[in-house]
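Please keep the sequence and the structure open while reading.

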Amino acid sequence: MKEPISKWSIFFNNSLMTIKVISEEQDIKAYYALLRHAVSEESQFFRIASSDLDNEVFPTGNSHESFTLGAFSEEGILQGTVGFKREILSKLKHKGLIFRMYVASGAKGTGMGRKLLKAAIEHAKKSESLKQIYLTLVASNERAKNLYLSEGFEIFSLEKNSIQMSENEFADEASMILHL
């Protein structure tokens with residue numbers, strides 16, 4: 001039987017915030033609404049387009065090896081997300097991926113992203129024999145890069161012109177790793 005992931009209530013910016021696994025239908029709908037908004041408003045920081053989300057099956061489950069966390073305001077509004085998936089191939093099971101980290105505009109600069117990232121790392125660490133967590137990001141996203149560096153991630157590669165943003169515009173992609 002898989003161990004369920006915890007739910008936290010945190011006093012944050014003079015109000016109560018809850019970080020929990022996104023698994024219920026209304027939370028999944030809120031996740032996609034926030035993600036679509038993020039991808040359209042801040043497309044320069046994403047490797048996906050809004051159309052990539054059409055008919056997508058929710059990408060994670062509810063275990064320490066596959067989860068999406070959401071940070072919800074006191075009013076129940078989703079303010080930020082982060083996903084984690086452990087590799088499933090035998091020779092790669094020691095690794096897991098952090099993906100789709102996003103904090104809504106009104107919550108940027110408040111520390112919410114750090115709290116989400118730390119919560120994701122702590123839950124991922126509960127996976128037996130997990131040795132490293134990796135992620136990718138648009139290399140020009142200095143805010144995200146600085147957050148990850150401050151939490152112990154290291155840059156291990158830079159792929160030039162990795163992401164085609166428009167017909168004639170490309171962005172570099174950085175890969176980062178955290179050794180546990």
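Leaving out residues up to four places away in sequence, which residues does Ile98 touch? In this predicted model, Ile98 touches Val82, Gly83, Phe84, Leu117, Ala120, Ile133, Tyr134 and Leu135, once residues up to four places away in sequence are set aside.

**Nonpolar cores**
- The largest nonpolar core has 31 residues, and those that touch the most other members are Leu69, Ile98, Leu116, Leu117, Ile133, Tyr148 and Phe153.
- At least two residues of this core come from each of several elements, including strand E3 (66–72), strand E5 (95–103), helix H2 (112–124), strand E6 (132–138) and helix H3 (142–150).
- H2 gives the most to this core, contributing seven residues.
- Another core, of 15 residues, lies apart from it and includes Ile22, Ile28, Tyr32 and Leu78.

**Helix H3**
- The buried residues of H3 are Ala144, Lys145, Leu147 and Tyr148, and they lie on the same side of H3 because they cover an arc of only 160 degrees around the axis.
- In an α-helix there are 3.6 residues a turn, so residues three or four places apart point the same way.
- The buried residues of H3 are covered by elements that include E5, H2, E6, strand E7 (154–166) and E8.

**The loop after H3**
- Gly152, which follows H3, has a positive phi, near 100 degrees.
- Glu151 is found in the loop between H3 and E7, and its side chain is joined to that of Arg114 by a polar contact of 2.4 Å.
- Apart from neighbours within four places in sequence, Glu151 is in contact with Arg114, Leu117, Lys118 and Leu178.

Note on methods. Residues numbered from 1 in each chain as written. Predicted model: local features only at pLDDT ≥ 70, side-chain atom pairs only at ≥ 80, totals over all residues. Heavy atoms only, no water. Core = buried A, V, L, I, M, F, W, Y, C linked by side-chain atoms within 4.5 Å. Buried < 20%, exposed > 50% of the residue type's maximum accessible area, 1.4 Å probe, protein only. Helix = DSSP H or I, 4+ residues; strand = E, 2+ residues; numbered from the N terminus. Contact = heavy atoms within 4.5 Å. Arc of directions from axis to C-beta. Polar contact = N/O pair within 3.5 Å; in protein donor to acceptor, adjacent residues only side chain to side chain.
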